[in-house]
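These are my notebook entries from a first look through the structure shown below. I kept each entry to what I looked up.

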Amino acid sequence: VILILARMGGDDGGDASDIDIIATVELRLQPTDAKIPFSEPWYDAIERRAAVLFGFETNDPSSSSSTSTRKEKNPKQNQQLQPYLSNLCVSQNLRGRRIGRAMVRAVEAIAVDSWGYSKMYLHVDLDNLPAFNLYKSEGYKDAGLRWNPFW
């Protein structure tokens, strides 16, 4: 699922038919092995198989990077796959207006209310303090696990 927040017309006095992208976020089901996924799922599958082949097993369902918990609605959900929040972007000139927070809450609502999951995970660059602090303030916890491929 990719959510896009947009508005008609530009701030620069452009044509009213122009569309400005304000923010985007992606939500998908991903194995909880602390690996940052590629955009192409087939490439992920190849990399995961190579890790297993070379003895670097990555299918530990208990590992994740950051998680938030809510009451489990559907305990029969596949525990090997969990909702993964990625690619949260807010237009630079509109940051600080709680748009990122609203996007996080929107994908949480999808994961919990529509998909029945109680946890989500994500990766965040530790040098990106605004993002790290956003997730921390929303209840996410640093699991401290990082994918460290041998290649």
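This is a predicted model: local features need pLDDT of at least 70, side-chain atom pairs count only at pLDDT 80 or more; totals for chains, interfaces and linings use all residues.

Residues are numbered from 1 along each chain as its sequence is written, and side-chain values use heavy atoms, with hydrogens and water left out.

Entry on salt bridges. I searched the whole structure and found four salt bridges, each defined as a side-chain nitrogen of Lys or Arg within 4 Å of a carboxyl oxygen of Asp or Glu. One of them joins the side chains of Arg7 and Asp20, at 3.8 Å from N to O. Arg7 belongs to strand β1 and Asp20 to strand β2, so this pair ties together parts 13 residues apart in sequence; strands here are DSSP runs of E with at least two residues, and helices are runs of H or I with at least four, numbered from the N terminus. Asp20, at 22% relative accessibility, also counts as partly exposed.

Entry on Glu138. I looked up its partners and found a salt bridge with Arg101, whose closest N and O atoms are 2.5 Å apart. This pair links distant parts of the chain, with Arg101 in helix α2 (residues 99-114) and Glu138 in the loop between α3 (129-137) and β6 (141-142), 37 residues apart. Glu138 also meets Arg105 in a salt bridge of 3.0 Å, N to O, and salt bridges that share partners join Arg101, Arg105 and Glu138 into one network. Arg101 is buried at 17% and Glu138 is buried at 13%, whereas Arg105 is partly exposed at 43%.

I noted a nonpolar patch of about 550 Å², made by Ile2, Ile4, Met8, Ile19 and Ile21; patch residues have over 30% relative accessible area and no salt bridge, and nonpolar side chains (Val, Leu, Ile, Met, Phe, Trp, Tyr) are joined within 5 Å, with areas from the Shrake-Rupley method. The largest share of the patch, three residues, comes from β1. Ile19 lies in strand β2 and is exposed at 54%.

Technical notes: Patches are made of residues with over 30% relative accessible area and no salt bridge: like charges are joined within 9 Å, nonpolar side chains (Val, Leu, Ile, Met, Phe, Trp, Tyr) within 5 Å. Accessible areas come from the Shrake-Rupley method with a 1.4 Å probe; for residues, only the protein chains shown count as cover. Buried means under 20% relative accessible area, exposed over 50%, partly exposed in between (1.4 Å probe, protein chains only).
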